[in-house]
Amino acid sequence: MITLNVNGQAKEVDVDPATPILWVVRENLKMTGTKFGCGVALCGACTVHLDGKPIRSCSTPVSEADGKAITTIEGLAEEDGTFSKVQQAWVDQQVAQCGYCQSGQIMSATALLKNNSNPSDEQIDAAMAGNICRCGTYVRIRKAIKTAAGAPSETQEA
Amino acid sequence: MKVVFRASALVLVTTLAACGSDPAPEPTEQIVVREPGADVSDDAAPEPAGEATDSLVAAGKSAFNTCIACHVLEKGGANRIGPNLYGIIGQAAGSADGFKYSDAMASSGITWTKEELDSYLANPAAKVPGTTMMAGAISDGSRREAIIAYIEDASAN
Amino acid sequence: MADKQISKTAPKKGKWTRRAFIGAGVVAGGALVVGVAVRPGNPIDRLSPMLAKGDGEQLINAWVKIDADNIVTAIIPHVEMGQGIFTSLAQMLADELDADWSKVKILEAPADAKYVSHDIGREFLAPSLEVPAILEPTVGGTFLQLATAMNLQITGGSFSIRGTGQRAMRVAGAAAKEMLLAAAAEEWNVPAGELRAENSMILHDKSSKSAPFADFAAAAAEQGLPNKPKLKSPKDYKLMGKAIARTDIPEKSNGTALFGIDADLPGMKYAAVKAAPVVGATVESMNADTAKTMPGVLQILNMGNFIAVVADGYWQAEQALGTIEAKYSKTEGDTLDQDALFKRYATMLDEAGDKDGDVETEEGDVGEAFASAATKVEAEYKVPFLAHATMEPMNCTAWVRDGKCDVWSGHQAPLMARKAAADTLGIDMDDVTYHNAYLGGGFGRRSENDAIIMATRIAKAAKYPVKMIWSREEDTMQDHYRPSATSRFQGGLDKDGKAVSWSNIHTHLFDPQEAPTVPYYNIANHKIRKIDVPTHLRFGPWRSVDHSQHGFFIESFVDEMAHAAGKDGYAFRRELLAGSARHLAVLDKAAEMSGWDKPLPEGHGRGIAFVPSFGTIIAEVAEVDMTGKKPKVKKIFVAADPGFAVNPDGFAAQMESSIAYGLTATLFGEISVKDGAVQQSNFHDYPILRINEMPDVAVEIINGDHKRLGGAGEPGLPPLAPAVTNAIFAATGNRVRELPLSKVDFA
């Protein structure tokens with residue numbers, strides 16, 4: 001048995017310690033917001049936070065999470081469901097298309113803004129270049145990160 | 001204008017939709033190891049990874065499972081997403097034949113001693129900023145030690 | 001009573017009339033319901049038990065439902081793969097119905113033949129066929145039969161809005177409103193003309209009476225069917241044309257949106273698969289000695305054309321699969337590599353010469369016109385195979401038991417998926433329930449049935465629910481690819497630099513049929529031919545399908561002709577489009593947005609390209625910086641005329657998306673074959689555009705004809721590659737004739 005701390009809750013799982021965090025979260029804990037994209041840390045769809053830092057959960061064994069806090073997309077909103085600033089910016093800027101990569105995008109963006117409250121275009125590109133979006137929502141991702149950072153930006157009609 | 005419509009689009013749609021009415025064939029070979037929920041028998045399951053092992057190399061072999069998605073560790077083995085790691089200890093960084101390294105790695109000037117490998121594996125992005133090795137950070141020092149021991153052992157074969 | 005109503009209103013089979021779009025029937029409980037469909041026939045009897053589930057809910061028609069709480073549910077016969085179609089189609093229906101948008105719910109139609117989208121079938125079969133009105137019933141009827149027989153319920157061809165939206169969703173909304181108004185007029189005993197609908201209410205201004213739609217739902221069912229409900233004109237639109245927020249975005253921002261890969265069942269197990277690397281080969285033998293001993297492994301299957309490992313967890317299955325050594329049968333494809341394939345194309349094009357090949361369009365005498373041309377231009381272009389690389393790898397969950405089957409996946413044609421599962425098992429379609437989820441990217445890939453068939457076969461062998469997931473490597477190596485292709489041109493210019501002949505021969509013709517043609521350009525003599533070249537790789541529709549390569553071929557060659565004529569690419573295209581006001585407006589807009597005549601810094605260039613496709617006219621200007629080692633695409637200006645943009649923000653998003661998808665292909669998209677097998681496997685050798693490579697995108701929409709709507713999902717892609725390569729030519733004089741750009745040394 002391994003005890004994990006996921007989104008502030010203790011969870012016990014009976015898995016091989018070499019199992020990537022991605023599959024433990026998806027299959028054992030039934031939290032499917034974190035996605036499988038490439039299996040080798042090339043696309044970022046599986047991004048979660050380990051002690052606040054973005055990691056690729058498809059290539060990080062669950063043993064690495066021992067004694068650390070895992071945060072997944074399901075852990076970003078308030079308990080009453082109120083979206084985090086980044087999530088709300090994603091809605092305001094109408095970012096998602098197919099939506100499959102967006103959990104990973106939002107996790108990377110959240111980590112970026114935690115360290116840098118007002119990132120430049122270059123800093124956004126550098127922090128987000130590990131996350132592929134096949135629908136090409138990049139223009140809106142840039143806008144949404146700036147919206148979440150509090151920079152003035154046009155928003156969509158609701 | 002003379003427009004000639006060929007049948008190819010029709011063929012396309014027909015191909016998309018048409019499935020033979022005969023059911024698909026059964027498996028040519030079906031190995032049932034066990035039924036779901038059945039007890040795992042002793043001979044079917046090897047010792048679970050992560051249990052106490054009798055040698056550092058054996059522990060390293062198990063821990064290396066994290067790496068095999070991207071790296072092979074065999075003489076002459078093909079580079080995958082990451083370079084072949086056979087014989088890496090003692091080599092200069094960025095020197096595996098035929099692998100396209102990041103500029104950062106190619107110009108890092110590192111020689112892979114066990115100590116250098118250990119500090120790289122602890123945090124690749126901090127050791128070589130700009131490396132394309134996005135995954136692989138291993139915080140547990142004893143796992144790093146075991147992996148490096150396994151790489152050394154496998155490279156001696 | 002139901003039968004009587006139906007027989008009165010349902011048209012004869014094979015008839016295609018406006019009236020036939022609307023039918024009626026009675027559901028249990030005595031309420032009459034109205035059905036509107038884009039085909040003859042009556043959907044109601046079988047649909048009602050599937051749709052009317054809540055207490056007090058009544059099915060108003062096949063596309064709209066109003067429940068006792070006055071919630072309007074729009075039933076969408078298409079799938080959501082990122083294009084925002086749920087929202088846009090609901091906008092069209094709700095606008096005609098004058099529904100309160102805040103009380104509109106959206107439901108994906110079940111995978112049922114009653115939702116067969118036969119407009120789609122027609123579009124796939126003869127996309128550019130202009131049918132005289134008098135013949136429409138016959139043609140429609142013919143296509144109906146074909147489409148129904150082939151179980152098309154496809155989302156593709158950028159057709160949802162212009163087909164289903166225009167012909168069904170709007171008609172449904174308008175018809176339902178007329179019936180509600182008629183019922184209210186009867187109940188209140190006032191002339192229907194004095195009533196109006198607004199925000200899901202019926203209002204009688206004279207008496208200040210008002211009541212929700214729901215109050216009249218049952219009585220509306222007793223009304224006669226409107227023969228031809230009146231549709232709004234654009235000045236009366238309340239929802240159409242507005243950038244309404246997409247309804248699926250919140251759940252895609254908090255991890256709760258469910259994709260095919262998220263299916264979960266009690267007792268479900270996981271399968272990893274590996275197919276024979278060369279298509280057509282079979283697994284002759286496998287050594288599973290190690291795999292058998294690995295943790296979590298339940299079954300190891302040689303399925304003939306692929307190997308599957310079923311385990312307690314997906315990672316365990318994948319680990320065990322990796323240890324299996326397999327021997328594959330020899331096939332003819334084993335000796336094939338990419339160079340040999342392009343050589344084969346060249347040989348067959350040589351053999352076709354000036355005369356042979358299938359003629360697609362012909363006008364005038366190209367031979368004579370070219371021979372006597374003052375300036376002759378000739379060029380050959382090549383493009384590689386391309387994979388779709390949807391972010392969600394192919395996957396499918398199936399459970400086969402007691403002669404029945406349930407299937408979960410994300411598919412662009414749910415009915416076809418259902419039929420594929422039934423055929424695989426040799427059971428009736430009625431014994432298969434297909435559950436569709438959000439698609440983690442479609443782009444044409446999810447119109448194929450391979451994953452459905454594989455998962456169904458595994459589940460049948462296992463006898464418990466199994467979720468099959470392809471690795472990224474399988475997804476890349478076992479795609480149905482955009483074909484690689486070669487295209488050759490000869491163009492003639494007269495002494496004034498006016499284009500007088502256009503001759504083209506190219507490999508393959510897939511779909512749409514008009515993709516290689518240029519009917520919008522004024523060139524007196526033209527002839528376009530194709531040859532079929534057999535290859536063992538599977539082809540499939542890839543975003544914008546044949547337009548993806550022909551946009552590059554045609555617009556590169558137009559630029560070469562412009563250069564040979566000593567003319568600017570924009571000015572030359574203006575000449576070719578003379579007299580087509582809508583086309584010119586789009587071209588001019590793109591040039592104006594880009595500041596076409598303004599100088600750029602040294603080493604930078606602008607390129608323009610113009611491609612009408614899927615009913616939408618688009619011109620794009622690319623601005624490229626060539627001062628570094630590799631081309632850097634800085635800005636893309638898009639001018640588009642889709643007739644009328646139902647959701648302008650959604651339309652703009654599709655332009656941005658098409659540019660990212662097209663730029664990936666332009667910069668580095670290449671699937672190559674060696675020894676018959678695809679060489680690429682994951683995002684390290686099949687790279688996808690990343691955020692640092694994404695140009696700025698400016699989009700302007702021209703609503704040029706609100707009666708003829710165009711598509712959004714695909715038409716932004718074809719002009720992108722040639723706009724970029726034309727810009728590279730402008731900056732460097734280097735004419736790129738083969739994609740991707742990563743093959744070209746710009747140093």
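**Figure 1. Contacts and burial along chain C of the predicted model.** In chain C, residues 24 or more positions apart account for 76% of the contacts with a separation of 6 or more, two residues being in contact if their C-beta atoms, placed from the backbone, lie within 7 Å. Buried residues make up 61% of the 747 residues in this chain; a residue is called buried if 20 or more other C-beta atoms lie within 10 Å of its own, exposed if 12 or fewer, and partly exposed in between, with C-beta atoms again placed from the backbone. Chain C holds 19 helices and 29 strands, where helices (H or I, at least four residues) and strands (E, at least two) are DSSP runs numbered from the N terminus. Because this is a predicted model, local features need pLDDT of at least 70 and side-chain atom pairs count only at pLDDT 80 or more, while totals for chains, interfaces and linings use all residues. Residues are numbered from 1 along each chain as its sequence is written, and chains are lettered from A and ligands numbered from 1 in the order in which they are written.

**Figure 2. The side of chain C that touches chain A.** Here 51 residues of chain C are in contact with 46 residues of chain A. The elements of chain C that give two or more residues to this side are α9 (314-321) and α18 (648-667), and α18(C) gives the most, with 7 residues. By residue class, the side of chain C that touches chain A divides into 27 nonpolar, 14 polar and 10 charged, with Ala, Val, Leu, Ile, Met, Phe, Trp, Tyr, Cys and Pro counted as nonpolar, Asp, Glu, Lys and Arg as charged, and the others, Gly among them, as polar.

**Figure 3. Helix α18 of chain C.** Since 19 of the 20 residues of α18(C) are buried, this helix is largely enclosed by the rest of the structure. At 1.5 Å a residue, its 20 residues should span 28 Å, which agrees with the 28 Å between its end C-alpha atoms; the expected span is 1.5 Å times one less than the number of residues.

**Figure 4. Helix α2 of chain A and its packing.** Helix α2(A), residues 85-92, is mostly covered, with 6 of its 8 residues buried, namely V86(A), Q87(A), A89(A), W90(A), V91(A) and D92(A). These buried residues pack against α3 (102-115) and α5 (138-148) of chain A, and just after α2(A) the residue Q94(A) takes a positive phi of about 50 degrees.

**Figure 5. Chain B.** Chain B has 6 helices and 2 strands, which follow the pattern β-α-β-α-α-α-α-α along the sequence. Of its 157 residues, 26% are buried, and among contacts in chain B between residues at least 6 apart in sequence, 43% join residues at least 24 apart.
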